[in-house]
Amino acid sequence: MEIRYSANQKDFKRYTTQEIRDEFLITDLYKADEVVAVYSHVDRMVTLGCMPVNEKVALDKGMDVWANFGTSYFLERREIGIFNIGSNGKIIVDGTVYSLGYKDCLYITRGAKEVHFSSDDGNTPAKFYMVSAPAHCSYETKLIKIEEAAKKALGALETSNKRIINQFIHPDVLKTCQLLMGMTVLEPGCVWNTMPVHTHERRMEVYMYFEIPKNNVVFHMMGEGNETRHIVMNNEQAVISPSWSIHAGAGTSNYAFIWAMGGENQAFDDMDTIPTKELR
Ligand SMILES: O=C[C@H](O)[C@@H](O)CC(=O)C(=O)O
Ligand SMILES: [Zn+2]
């Protein structure tokens with residue numbers, strides 16, 4: 001498992017393009033029958049991808065759980081949110097089978113010992129995208145279908161940012177220790193997310209962009225509001241935003257992304273918005 005330490009905003013100003021990418025960008029999440037995991041010391045969030053093809057793949061496949069987490073199994077002191085961004089697949093949690101279609105989400109609470117992933121058809125595999133946060137009590141493991149997510153319409157066609165925010169792992173839908181996750185989907189012709197930008201000093205956030213058409217990219221903005229940088233992102237890549245960083249993007253087409261937050265609180269609206277004209 002790859003481990004990344006925390007970067008601060010003062011050093012960040014001098015990073016090269018490659019250093020920014022090495023520190024914050026997560027690529028190659030999907031390798032057949034493997035679990036790809038990046039542990040970030042930013043709020044100790046773990047970002048993972050799993051694409052089961054021929055096997056039933058265990059969540060901790062290829063991991064030394066004791067060395068990395070100091071626990072005997074992955075979810076002993078963690079919770080996890082999992083989205084399927086591929087074809088139909090299954091997640092088996094301590095013997096209970098959950099079927100996930102495209103864009104469905106499963107929240108697994110602390111204490112689940114055995115988690116396995118499988119695809120209904122290995123020729124068109126499921127692709128599970130996951131973010132895990134430390135957790136100190138257990139709630140309820142719950143499947144949240146895309147239809148059941150709380151939907152918030154934002155933006156307008158005129159400003160190229162008409163989009164639906166689907167809140168899945170959110171206090172209005174279910175209880176969690178600190179994890180919040182959802183999916184934002186932009187309408188055709190709309191390319192901007194999260195403008196005006198914000199930071200949330202009390203939480204970090206990870207974005208994973210998908211549904212980016214072939215030969216298109218998203219320019220993801222990051223850094224402090226008065227010292228911005230960008231990362232050019234391809235389909236199905238994730239990016240870590242420390243609390244001091246803005247996180248917004250403009251694509252060369254419309255796209256969707258999954259956001260995940262963890263930290264001090266779960267108040268979605270606890271954001272410090274930066275007036276657009278103050279950006280540098
Ligand atoms: O803190 C909240 C997150 O940055 C996202 O929910 C914002 C977002 O999806 C959007 O405006 O498109
Ligand atoms: Zn945010």
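**Close-up views of a predicted model**

**View 1. Strand 4 between its two partner strands.** Strand 4 and strand 11 (residues 128-134) run antiparallel and are joined by five bridges, where strands are DSSP runs (E, at least two residues) numbered from the N terminus and two strands pair if DSSP finds at least two bridges between them. Within this pairing, T47 has V131 in strand 11 as its bridge partner. Strand 3 (residues 35-40) is also antiparallel to strand 4, again through five bridges, and here Y39 is the bridge partner of V46. Five residues lie between the strands of this hairpin, and among them D43 takes a positive phi near 55°. This is a predicted model, in which local features need pLDDT of at least 70 and side-chain atom pairs count only at pLDDT 80 or more, while totals for chains, interfaces and linings use all residues. Residues are numbered from 1 along each chain as its sequence is written, and chains are lettered from A and ligands numbered from 1 in the order in which they are written.

View 2. Five of the five residues of strand 4 (residues 46-50) are buried, a term for residues with 20 or more other C-beta atoms within 10 Å of their own, the C-beta atoms being placed from the backbone. Both faces are covered, with V46, L48 and C50 on one side and T47 and G49 on the other.

**View 3. Strand 15 and its neighbours.** Strand 15 (residues 180-186) is mostly covered, since six of its seven residues are buried. Six bridges join it to strand 14 (residues 163-169), which runs antiparallel to it, and in this pair Q167 has G182 as its bridge partner. Strand 15 is likewise antiparallel to strand 23 (residues 256-263), with six bridges between them, and T184 is paired there with F257.

**View 4. The residues around ligand 1.** The shell consists of R163, I165, T184, N193, T194, H200, E205, H247, W259 and M271, each with its C-beta atom, placed from the backbone, within 6 Å of the ligand. By class, three of these residues are nonpolar, five are polar and two are charged; Ala, Val, Leu, Ile, Met, Phe, Trp, Tyr, Cys and Pro count as nonpolar, Asp, Glu, Lys and Arg as charged, and the others, Gly among them, as polar.

View 5. The strands follow the order 5-10-7-8 with antiparallel pairing. Strand 5 (57-58) and strand 8 (96-100) stand at the edges with a single partner strand each, so one side of each has no neighbour in the sheet. Strand 5 is joined to strand 10 (residues 115-119) by two bridges, and A58 stands opposite H116 in strand 10.

Conventions
A residue is buried if 20 or more other C-beta atoms lie within 10 Å of its own, exposed if 12 or fewer, and partly exposed in between; C-beta atoms are placed from the backbone. Helices (H or I, at least four residues) and strands (E, at least two) are DSSP runs, numbered from the N terminus.
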